[in-house]
Amino acid sequence: MSDMPYPDALRVDAFDKVRGVQRYAADNARPGLAHAVLATATIARGTVRRIDAAAARAVPGVRLVLTHEELNGLKPPGFLMGGGYGFQSIQPITSPHIAYRGQPIALVVADNLEAAAEGARLIRADYAAEPHQVTLDAPEADIVAQADSPLPKPMFADVKAGEADAAYAAAAIRIEADFRHPPQHQNPIEMLSTVAEWRDGHLTVHEGTQNAEAIRHGLARQLGIEPERITVLSPSAGGGFGQKNSLQAHTVLAAEAARRLERPVKLVVTRAQIFHDSSFRPASRHRIRLGADTAGRMVALIHETDSQTSRHDLFPTQYTELSARLYGIAGFRGRERLVRTDVQTPGYMRAPYEHPAAFAVECCVDELAYRLGRDPVALRLANDTTADPITGQPYSSRYLAECLRRGAARFGWDRRSMEPGSMRAEDGSLMGWGVAIGAYKAATAAAIARLRLSADGAVTFSVGVHEMGQGIRTAIFAVLVRRLGVEPGRITLEIGSTGTTPQHLTAGSWGTATAIPAAEEVCDALLRALETLPSRLSLAERLRAAGRPYLEVEVSRRAPGQPEAVMGRLTSGLPAAMGPAYPGYVSFSHVAHFVEVRVEPSTRRIRVPRVVSVADCGRVISPRTAASQLRGGVIWGIGAALREVSEVDVRYGGFLNADLAEYVLPVHADIGTIDVEFVDAPDPRLNAAGVKGLGEVSMVGVAPAIANAVHHATGRRLRALPIRVEDLL
Amino acid sequence: MDDKPDGRNDNPASVGRRDLMIGATLATAPFAKAATAQVTATQEGMTGRTEVSLTVNGEAKRLSLDPRASLLDTLREELALTGAKKGCDHGQCGACTVHLDGRRIASCLTLAVQADGCAVTTIEGVSPEDGSLHPMQQAFIDHDALQCGYCTPGQIMAAIACVREGHVGNADEIREYMSGNLCRCGAYAGILAAIQDAASKMRAG
Ligand code: FES
Ligand code: FES
């Protein structure tokens with residue numbers, strides 16, 4: 001059924017969202033709810049010698065204060081990338097050890113929020129501080145070569161193809177450059193929020209998440225109870241962007257407080273605390289060496305990275321998995337190193353590796369185009385490929401050239417003059433046009449899907465996927481409506497909450513390619529089951545004629561080539577996804593971005609009035625929400641290129657600009673026209689629905705397209721993000 | 001400098017901005033009625049309650065509140081009007097935007113006592129009684145001006161005010177006057193289109 005495009009349809013939850021009735025975790029308000037506030041460490045590394053909670057306990061309305069003296073029985077969650085469930089391996093407030101500035105040291109719970117906040121402010125600690133370091137400029141002893149680390153191989157082995165070093169040495173044209181990417185924070189507008197409640201020994205957790213099953217199993221591990229005694233509800237998250245991909249550090253604290261108080265507890269982590277209490281995009285630096293022949297054929301690419309991790313965990317990186325795949329370059333060598341710093345463990349933030357990697361590579365490709373005097377689009381088209389340079393296998397689908405051609409036409413690229421500084425806008429500002437490409441692995445997760453048709457015609461569908469704004473509910477509706485002919489008003493989706501089907505992590509752009517094929521298969525299973533019943537006009541009438549109150553079917557689905565054993569991981573809340581390499585082929589989504597920048601001649605202020613982006617994400621199931629997601633990804637790229645940086649002060653550790661005024665996100669006034677288009681060609685090899693992924697690829701390549709446009713406007717090559725006015729003065 | 005730029009434990013790395021912001025708001029807030037609100041000391045000492053009268057979405061409410069309670073927390077926790085969202089609690093994101101006597105404000109930066117005697121309109125109060133939608137709500141649906149929806153109630157309240165203020169002359173003016181409302185999902189294009197669409201309908205209606 002991948003042969004027909006899907007029609008434009010409204011976002012199914014928009015009606016609730018515009019009326020303010022869509023419920024997010026913190027919207028749980030009722031009498032008897034206690035409010036909790038965290039107090040956090042003011043040193044960057046060391047030990048709590050003494051903690052004084054007396055003043056906090058004396059605040060009228062304060063009911064409970066928890067410090068490490070009370071909580072040393074809680075177990076750690078385990079690290080998401082090491083067989084556990086937490087964004088990091090350590091659990092704050094269970095020991096006096098302080099690993100980073102901002103680490104929670106106490107939880108204060110009170111009858112109302114104001115009293116809890118006052119109590120938290122009154123917590124005082126004496127510390128024994130130890131030396132810390134928070135930048136990539138670390139001593140050798142803190143730098144770990146990923147290939148020699150205990151991280152699992154081959155997943156985190158160095159990526160290699162051909163003889164990159166020899167090919168580079170022999171190349172007629174060689175480009176070598178260093179790039180720097182700052183730490184950044186995801187900052188979904190919904191703050192980390194949990195309402196925890198115990199009833200008859202059963203714990204219910206309301207929390208916006210991308211991974212309800214990990215919260216459930218992780219809490220079970222931490223609290224020492226059976227997962228069956230925990231329910232996690234996340235019908236709608238207020239954005240995720242990778243931050244909400246695992247068990248957060250605060251969740252068990254809310255649960256434990258609720259258990260002790262025998263009262264539901266709401267814990268909303270403040271915006272300032274979120275900068276330290278959850279993951280972030282690590283700082284990274286990239287050395288690129290790109291070799292080409294005089295005809296413009298790229299022959300060698302060497303990509304070496306250093307990326308920030310914490311002292312207590314190795315957050316692995318896969319920058320080169322992407323850089324190796326942007327073009328058909330025969331000689332590739334990657335080398336990734338991790339730098340231990342005294343911070344909370346960094347993690348995934350939209351296009352975690354792909355955005356910084358594409359920034360580095362695509363800026364160099366633009367430089368190559370200028371060295372060759374070759375049009376940047378033509379150069380990219382000439383280096384396209386149909387086979388994966390690393391495995392030698394074909395791509396299941398690759399419409400990158402189509403993205404470039406359509407984008408160039410839409411943008412009017414042929415009106416570009418090559419010379420930097422040669423184009424002016426009507427208002428006299430310098431105009432620059434830049435292009436870059438992006439790709440992102442088309443991963444797939446294992447899933448169980450369940451579908452129930454009731455005799456009254458109602459349909460209930462459940463699969464492991466979370467709605468966090470990407471539009472997955474709308475996409476699932478589209479499939480159910482098309483397959484079953486059911487009215488949208490008769491559909492109930494049970495997603496994001498445990499207790500139905502396993503709620504696997506929704507991340508890595510695998511949500512659609514996981515949920516949609518499973519939805520199609522379970523619809524087919526239902527239709528087959530109905531074939532045995534008397535033939536009638538409607539599906540529900542068939543049920544009624546057979547005297548059946550309902551019919552329920554279930555399918556289990558694995559990614560191509562995934563072993564049976566992966567279902568055990570799925571049901572225990574562990575990551576169970578694979579890709580991009582499947583047996584016989586490799587799958588990626590692709591995108592091309594065309595950007596216009598204007599640089600005001602005196603202030604050098606950079607504006608982005610116009611972007612054209614064309615994406616190849618396989619079949620588009622929900623055209624309207626997909627277009628919004630692609631535009632959103634472009635805005636993320638604009639933010640990453642021109643605005644966002646989490647500032648670090650080496651003296652104090654932590655992040656300095658820990659609020660939304662000083663961590664500058666793109667606002668309305670920063671955003672001009674963003675014109676998007678989809679190739680909308682199905683990838684039937686990856687799955688029968690023909691879908692790949694979109695959320696992450698939409699951001700990949702935007703930043704280098706902007707940097708390349710800035711070069712075109714000004715002649716300046718800027719290789720550290722974010723690019724600022726002062727870089728152009 | 002010693003090792004503690006800020007001895008407080010709630011915000012380890014930035015210096016007391018919350019205090020500064022609240023101070024600034026109190027100093028400039030036009031709602032001088034705060035001074036007349038009755039603060040009743042009770043046996044609870046510092047958490048003495050304050051009587052506050054509000055008209056919320058047309059309904060008169062008399063509340064006994066912690067005098068430190070923000071209007072946002074009061075709406076959400078006391079009145080269970082959870083449409084207004086908390087995205088920062090510092091006046092920096094706009095998710096908590098409501099109308100106070102017809103003007104848009106950040107309800108997280110407004111103490112409930114400052115609103116004593118005022119009329120508050122929240123997202124729950126903008127649609128007509130008959131169950132239909134406000135033209136701005138409908139336009140947000142029509143133009144897919146949202147993704148996760150978390151900023152949406154604030155965006156809609158700001159957008160309605162933006163139209164009423166007359167700041168919808170052109171796209172750039174709308175963008176400027178909507179820039180206090182962040183959307184991390186990046187629904188800005190849809191929001192702009194929705195405001196342009198709804199502005200004409202609001203004028204006609
Ligand atoms: S919550 Fe009020 S402006 Fe952010
Ligand atoms: S819709 Fe998610 S923040 Fe605006």
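This is a predicted model: local features need pLDDT of at least 70, side-chain atom pairs count only at pLDDT 80 or more; totals for chains, interfaces and linings use all residues.
## A network of charged residues

R45(A), E130(A), D142(A), R311(A) and D342(A) are linked in a network of salt bridges. Side chains of opposite charge can pair when their charged atoms come close. Over all chains, a search of the whole structure finds 62 salt bridges.

## Salt bridges within one chain

In chain A, R719(A) forms a salt bridge with E367(A), and the closest N and O atoms are 3.0 Å apart. R719(A) lies in the segment after α18 (702-714) and E367(A) in helix α10 (residues 354-372), so this pair ties together parts that are 352 residues apart in sequence. R719(A) counts as partly exposed, because its relative accessibility is 27%. E367(A) has a relative accessibility of 16% and therefore counts as buried.

In chain B, the side chains of K86(B) and D89(B) meet in a salt bridge with an N to O distance of 3.7 Å. K86(B) is buried, with a relative accessible area of 12%. D89(B) also counts as buried, at 15% relative accessibility.

## The contact between chain A and chain B

Chain A gives 85 residues to the contact and chain B gives 65 residues. V18(A), I189(A) and H668(A) are the residues of chain A that lose the most area to chain B, together 14% of what that side buries. The area buried between the two chains is about 6,000 Å², and carbon and sulfur atoms give 56% of that area.

Between chain A and chain B there are 28 residue pairs in polar contact, both residues being at pLDDT 80 or more. Several elements of chain A each supply at least two residues of the side that touches chain B, among them α1 (14-18), β1 (34-40) and α17 (623-642). The largest share of that side, eight residues, comes from α17(A). By residue type, the side of chain A that touches chain B divides into 42 nonpolar, 24 polar and 19 charged residues.

## Salt bridges between the chains

Six salt bridges are counted between chain A and chain B. One of them joins R68(B) to E118(A), where the closest N and O atoms are 2.4 Å apart.

R11(A) forms a salt bridge with D144(B), with the closest N and O atoms 2.7 Å apart. This pair crosses between chains, from R11(A) in the segment before α1 of chain A to D144(B) in the loop between α3 (135-142) and α4 (152-165) of chain B. R11(A) has a relative accessible area of 3% and is therefore buried. D144(B) counts as buried too, at 4% relative accessibility.

## Strands in chain B

In a regular strand the side chains alternate between the two faces of the sheet. Strand β2 (residues 49-56) of chain B has T50(B), V52(B), L54(B) and V56(B) on a covered face, while R49(B), E51(B), S53(B) and T55(B) are on an uncovered one.

β2(B) and strand β3 (residues 59-65) of chain B run antiparallel and are joined by seven bridges. In β3(B), S64(B) is the bridge partner of E51(B). The two strands form a hairpin with two residues between them, and N57(B) in the turn has a positive phi of about 50°. β2(B) also pairs in the parallel sense with strand β6 (residues 119-121) of chain B, over two bridges. In β6(B), the bridge partner of T55(B) is A119(B).

## A strand and a loop in chain A

Strand β22 (residues 491-494) of chain A has I491(A) and L493(A) on its covered face and T492(A) and E494(A) on its uncovered one. Four bridges pair β22(A) with strand β21 (residues 459-462) of chain A in the parallel sense.

D388(A) is placed in the loop between α11 (376-382) and α12 (400-411) of chain A. D388(A) is buried, with a relative accessible area of 1%.

Note on methods:
Residues are numbered from 1 along each chain as its sequence is written. Chains are lettered from A and ligands numbered from 1 in the order in which they are written. Side-chain values use heavy atoms; hydrogens and water are left out. Contact means heavy atoms within 4.5 Å. Buried area is the accessible area (1.4 Å probe) that two parts lose on being put together, summed over both. A salt bridge is a side-chain nitrogen of Lys or Arg within 4 Å of a carboxyl oxygen of Asp or Glu. A polar contact is a pair of N or O atoms within 3.5 Å; within protein, one must be able to donate a hydrogen and the other to accept it, and residues adjacent in sequence count only if both atoms are side-chain atoms. Ala, Val, Leu, Ile, Met, Phe, Trp, Tyr, Cys and Pro count as nonpolar, Asp, Glu, Lys and Arg as charged, and the others, Gly among them, as polar. Buried means under 20% relative accessible area, exposed over 50%, partly exposed in between (1.4 Å probe, protein chains only). Two strands pair if DSSP finds at least two bridges between them.
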